[in-house]
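Welcome, and please take a moment to turn the model around before reading on. The paragraphs below are meant to be read with the structure in view.

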Amino acid sequence: MAALPQLIEEDIERLGGELRELLEKSDATTALIIDKGGFLITSQGDARQFDLTTIAALASGAYMANQTIANLVHETSFNSIYQQGEKFSMFVMGVDENCLLVAIFKAQVSVGAVKYFAGPAVKRIAVQLQIAQERDPGARLDLSELNLADPSEVFKRKT
Amino acid sequence: MAIINQATKELQVKVVYYGPAMGGKTTNLVQVHDHVQTAAGNKGKLVSLATSSDRTLFFDFLPIEAMSIKGFKTKFQLYTVPGQVIYNTTRQLVLRGVDGIVFVADSQYEKMAENVESFANLEDNLKMLKLNLADIPYVLQYNKRDLPNIAPVEYMEFLLNNRDLQVPSFSSAAHKCEGVFEALNMITRMLLNKFISQGTPQYA
């Protein structure tokens, strides 16, 4: 697996801009960029009524499960999945090797519009991720101040 | 691989509990969820995708925010895999992006073959993802030590930890929360050590 790029403020702002544009044009409620391993990278829109961390984990699992099904039916991939609900629906589309775009929208909103505007959004998101990828692949975070002598400080059991 | 988001100052780490069916993987997550001390709002919901008979179908998922390192929030995402043999494709999916593994072995004598088979399956599935177990921090948890028909720890060490570089192992009775936090804290320590010694993983 290729490494994910380092994203800085500028990247997150541009990715956020793409998500905001998608929300405005498609009338979707919430849009997320997630990692295929299940991590939430960034989101826009209404985050209060949804548990986005858990949605990221489950949506990536559902998407990846569908890719396995695609292989079983001799398809290279199912590039997107659509879950239709009575109140809200969800559309997930592949961005690149590592990332996915998730759009959550009210059930009365046209999935066609979400798909139509998600297509070019995904391409622009992929371009920004590529820019980030080429910027500084070797950057690191200094964790040296962490006291590893006492791991019990990380997770404590209630007494 | 772990994600560090420089813009939002977050470190996200994925730990997977792996092992044979009915070994206690889900119980580990339930105990962590029930007993972990966290600041308000730092513990997410425990999500279980289970069958009607409470067997894990896809995975269990528990997000926890643990601590701040140099201003970075550390978010741990704990997953289990379904232990049953038929769900191997699902196990491969859950292993994608794994940073650390807790292998939960069943200490009962009659489960030794399943333990060994599951461990070999773990190595095979990592290879499918172009990963090598030797490169991934992992610990062994010998669960159900409170049952009467258990194999000696030394025997389990011989079966599962008989390598050039032995990994930490823990005796546990997960349903009593014994050995649960010890294993979780050790894998956390190993993960953070790896990040420091080898530089950080992937960035986002």
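Predicted model: local features only at pLDDT ≥ 70, side-chain atom pairs only at ≥ 80, totals over all residues.

Let us begin with the overall makeup of chain A. This chain holds three helices and six strands, and from the N terminus on its elements follow the order α-β-β-α-β-β-β-α-β. Of the 159 residues in chain A, 40% are buried. If you look at contacts in this chain between residues at least 6 apart in sequence, 53% of them join residues at least 24 apart.

Now find the sheet. Five strands of chain A form an open sheet in the order E2-E1-E5-E4-E3, with antiparallel pairing. Its edges are strand E2 (40–45) and strand E3 (80–83) of chain A, each of which pairs on one side only. From one strand to the next, the twist averages 15 degrees. As a reminder, strands of a sheet pair through backbone hydrogen bonds, either parallel or antiparallel.

E3(A) pairs with strand E4 (residues 88–94) of chain A in the antiparallel sense, over four bridges. Here A:Ile81 is placed opposite A:Val92 of E4(A). E4(A) is in turn joined to E5(A) by seven bridges, and these two strands run antiparallel. Within that pair, A:Ser89 has A:Phe105 in E5(A) as its bridge partner. E4(A) and E5(A) also form a hairpin, with four residues between them. On we go to E1(A), which pairs with E5(A) over six bridges, again in the antiparallel sense; A:Thr30 stands opposite A:Ile104 in E5(A). How enclosed is E5(A) by the rest of the structure? Seven of its eight residues are buried, so E5(A) is largely enclosed.

Helix H3 (residues 111–135) of chain A lies across E1, E3, E4 and E5 of chain A, and it runs at about 150 degrees to E5(A).

How do H1(A) and H3(A) sit relative to each other? Their axes come within 9 Å and cross at roughly 175 degrees. Angles over 145 degrees count as roughly antiparallel, which means that H1(A) is roughly antiparallel to H3(A). To see where they meet, look for residues of H1(A) including A:Leu15, A:Glu18 and A:Leu22, and residues of H3(A) including A:Phe117, A:Ala121 and A:Ile125.

Leaving aside neighbours within four places in sequence, A:Ile34 is in contact with residues including A:Phe39, A:Ile41, A:Ala56, A:Cys99 and A:Leu100.

Strand E2 (residues 10–18) of chain B is joined to E7(B) by four bridges, and the two run parallel; B:Tyr18 has B:Phe103 in E7(B) as its bridge partner. E7(B) also pairs with strand E8 (residues 138–143) of chain B, in the parallel sense and over six bridges. There, the bridge partner of B:Val104 is B:Gln141 in E8(B). Together, E7(B), helix H3 (residues 112–128) of chain B and E8(B) make a right-handed β-α-β unit.

One last stop is B:Thr89, found in helix H2 (residues 88–95) of chain B. Because B:Thr89 has 15 C-beta neighbours inside 10 Å, this residue counts as partly exposed. Its C-alpha atom is separated by 25 Å from that of B:Ile187, a residue 98 places away along the chain.

How values were computed
Residues numbered from 1 in each chain as written. Chains lettered and ligands numbered in written order. Pairing = 2+ DSSP bridges. Axes fitted to C-alpha atoms, helices over the stretch in contact; angles between N-to-C directions. Contact = placed C-beta atoms within 7 Å. Right-handed = clockwise from strand over helix to strand, strands pointing away. Parallel < 35°, antiparallel > 145°, perpendicular 65-115°, else oblique. Buried ≥ 20, exposed ≤ 12 C-beta atoms within 10 Å, placed from the backbone.
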